[in-house]
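Hi there,

Here is the structure I promised to pass on. My notes on its side-chain contacts follow below; please have a look when you get a moment.

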Amino acid sequence: MSSSFEKYQKRRLISSYFSVVISISLVLFLLGLLGLLVLNSKKVADYFKEQIAITVFLKDSAKEVEITQLKQSLALAEYTKSATFVSKEEAAKEHQATLGENFIEYLGENPLQNSIDVYILADYVTPQKMEEITNELKSKGFVDDVIYDKPLIAQLTENVKRISFWVLIISGIFTFIAVLLINSSIRLSIYAKRFTIKTMQMVGATKRFIRKPFVWRSVRLGIIGAIVAMIGMGLVLYYLNQSFPQLQLLGDPVLLAVLFAFIFLMGVLITWISTFIATQRFLNLRTDDLYY
């Protein structure tokens with residue numbers, strides 16, 4: 001009979017520990033994913049910004065040396081990510097492929113112009129800076145026109161600001177919720193041991209002596225939960241990097257190491273603090289209050 005009861009108690013204990021680890025790992029995993037979103041939100045925004053090009057149309061009278069100098073100056077400009085010269089013949093081929101017919105035969109001439117597609121670095125993709133770059137290029141006498149998608153730039157800039165603000169707000173709220181959930185799981189596991197805590201206290205054990213094994217046990221569970229969460233984060237990060245290599249999610253290993261270290265420390269700190277507070281509460285309760 002005693003052996004069966006001990007086995008039952010052991011199964012309950014293992015089940016309790018398993019529940020705590022699962023709770024901690026899920027909460028830390030979701031917190032880690034949110035951290036990945038925060039760290040990569042600027043990278044994703046920069047990626048879309050750098051897909052927008054300024055097209056510089058050149059006059060037919062532009063000399064070869066002028067075009068060459070412009071290409072070189074654009075390649076060396078601090079705002080340029082890349083610059084590609086597109087001849088009027090290449091532009092005509094692209095239009096023919098898009099339209100599915102030879103419009104030059106219909107018109108009798110090629111109405112298109114030589115152009116340079118300039119892709120701008122993300123930090124310069126704002127309405128003000130794009131306008132400055134455009135005015136600088138238009139000032140050259142052999143440049144016929146400079147165009148880019150102004151409404152898209154304005155909308156993208158506004159959306160990036162709005163999304164960044166709400167991501168920070170949600171991150172703060174979710175971090176608070178994560179602390180509460182892990183704290184609740186720890187408190188429930190300590191609650192099941194409240195009579196053991198009070199019994200040890202009644203036979204003369206000090207608060208520090210009673211608290212120590214509970215704290216270390218919870219910290220170990222927090223470490224296990226954090227490791228499980230980091231493994232899950234690693235798998236998700238690997239899958240996303242394989243699916244979207246252009247985002248270069250693994251391009252900054254230092255930031256990723258900081259994020260993983262943060263998740264690990266959160267698992268340790270939250271479980272340590274929660275266990276300390278929970279055990280302290282039951283240590284300070286009167287015996288009669290343990291039944292409520």
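K150 and E131 form a salt bridge through their side chains, with 3.6 Å from N to O (the term asks for a side-chain nitrogen of Lys or Arg within 4 Å of a carboxyl oxygen of Asp or Glu). Since K150 belongs to helix α6 and E131 to helix α5, the pair ties together parts 19 residues apart in sequence. Helices here are DSSP runs of H or I with at least four residues, strands are runs of E with at least two, and both are numbered from the N terminus. K150 is partly exposed at a relative accessible area of 47%, and E131 is partly exposed as well, at 29%. For these labels, buried is under 20% relative accessible area, exposed is over 50%, and partly exposed is in between (1.4 Å probe, protein chains only).

Before I go on, a word on where this comes from: the model is predicted, so local features need pLDDT of at least 70 and side-chain atom pairs count only at pLDDT 80 or more, while totals for chains, interfaces and linings use all residues. Residues are numbered from 1 along each chain as its sequence is written, and side-chain values use heavy atoms, with hydrogens and water left out.

The count of salt bridges comes to 3. One of them joins E50 and K81, at 3.2 Å from N to O. This pair links distant parts of the chain, 31 residues apart: E50 is in the loop between α1 (2-49) and β1 (53-58), and K81 is in strand β2. E50 is buried at 17% relative accessibility, whereas K81 is partly exposed at 46%. Another salt bridge brings together the side chains of E158 and R162, 3.7 Å from N to O. Both residues lie in helix α6, 4 residues apart, which is about one turn of the helix.

T80 is buried, with a relative accessible area of 11%. A polar atom of its side chain lies 2.7 Å from the backbone oxygen of L74.

On to the rings. The structure holds 3 aromatic pairs (rings of Phe, Tyr and Trp, the last by its six-membered ring, with centres within 6.5 Å; planes under 30 degrees apart are stacked, over 60 edge-to-face, and the rest tilted). Y47 and F48 make an edge-to-face pair, because their planes stand at 75°, with the ring centres 5.4 Å apart. Y79 and Y124 are also edge-to-face, with centres 6.4 Å apart and planes at 65°. That pair links distant parts of the chain, 45 residues apart: Y79 is in the loop between α2 (64-76) and β2 (80-86), and Y124 in the loop between β3 (115-120) and α5 (127-138). Y79 is buried, at 8% relative accessible area.

Best wishes

Technical notes
Polar contact = N/O pair within 3.5 Å; in protein donor to acceptor, adjacent residues only side chain to side chain.
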